[in-house]
Amino acid sequence: MKSTVVKRMRRTRPNAFLSPYRIASIVILLILLSVPNTHGAQNTGSVTGKTTVYEKKFFGGLKQKKDMSKTVVYITGFKTKAPAKIMAIIQKNKRFVPYILPLVAGQRVRFPNQDKIYHNVFSISPLATFDLGLYKDVDPARTVMFENYGVVPIYCNIHPNMIAYAVVLENTAFALTDKQGDFRIDDLPAGTYTINAWRPKAKRVNQEIVIRAGQPSEVHME
Ligand SMILES: [Cu+2]
């Protein structure tokens with residue numbers, strides 16, 4: 001069953017990422033393996049799985065993406081405290097790096113500019129509205145705390161092609177897929193949760209999962 005869902009983008013910015021060639025849809029296959037944790041609390045498990053990403057072609061039809069990395073896979077249904085670690089989105093060669101940053105609500109992100117030219121960092125998302133103004137490599141990095149769950153697109157008002165996404169989550173149970181679309185999430189407390197997958201320009205997909213220590217289970221999700 002290869003049903004797909006395609007989300008049309010709001011064309012709010014002149015942005016190469018929003019060209020019709022790049023509208024993506026996601027079909028996800030998850031294979032879950034709950035295994036006992038060898039350290040820390042008992043009754044925890046791990047999830048491994050595979051995501052597959054299809055792109056919508058301009059004249060119709062779908063094509064599997066060669067590089068299926070950077071899909072965010074995350075578990076919802078329990079909360080953990082924000083890590084004290086301050087994350088970073090660097091401005092380098094007129095790009096934000098990383099392009100997608102998952103983090104936990106309450107966590108802070110620095111935005112160092114490593115270019116010799118000015119960049120600006122701003123968001124108009126109601127989840128986190130800010131404008132850090134103009135600064136460059138010799139200036140101190142500015143920092144934002146993300147407090148509300150959800151996806152926050154971040155832009156530079158000088159370079160319209162610069163975009164990054166802060167994906168603000170309720171716990172540390174998340175992973176980014178590799179090029180093959182594979183991922184692994186460790187240290188999950190046993191229980192029933194929702195597993196979600198999201199990437200820009202695609203509709204979020206999700207499904208319930210049950211984590212049982214030491215008992216493998218398999219789920220297919222599309
Ligand atoms: Cu810029």
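Biologist: What makes a stretch of residues a strand in this predicted model?

Modeller: A strand is a DSSP run of E covering at least two residues, and strands are numbered from the N terminus. N171 lies in the loop between two such runs, β14 (163-169) and β15 (174-176). The chain as a whole has 18 strands and 0 helices.

Biologist: Why is N171 called partly exposed?

Modeller: N171 has 19 C-beta neighbours inside 10 Å. A residue is buried at 20 or more and exposed at 12 or fewer, so N171, with 19, counts as partly exposed. Of the 222 residues of the chain, 28% count as buried.

Biologist: Which residues are in contact with N171, leaving aside its neighbours within four places in sequence?

Modeller: They are I75, F78, K79, T80 and V104. Contact requires C-beta atoms within 7 Å. In the chain, 62% of the contacts with a separation of 6 or more join residues 24 or more positions apart.

Biologist: How do you know that β9 and β12 pair?

Modeller: Pairing requires at least two bridges found by DSSP. Strand β9 (residues 107-111) and β12 share 5 bridges in the antiparallel sense, and therefore they pair. F111 has R142 in β12 as its bridge partner.

Biologist: Why do β5 and β12 stand at the edges of their sheet?

Modeller: The open sheet has 3 strands in the order β5-β9-β12, with mixed pairing. Because β5 (87-88) and β12 (142-146) each have a single partner strand, one side of each is left without a neighbour in the sheet.

Note on methods: Residues numbered from 1 in each chain as written. Predicted model: local features only at pLDDT ≥ 70, side-chain atom pairs only at ≥ 80, totals over all residues. Helix = DSSP H or I, 4+ residues; strand = E, 2+ residues; numbered from the N terminus. Contact = placed C-beta atoms within 7 Å.
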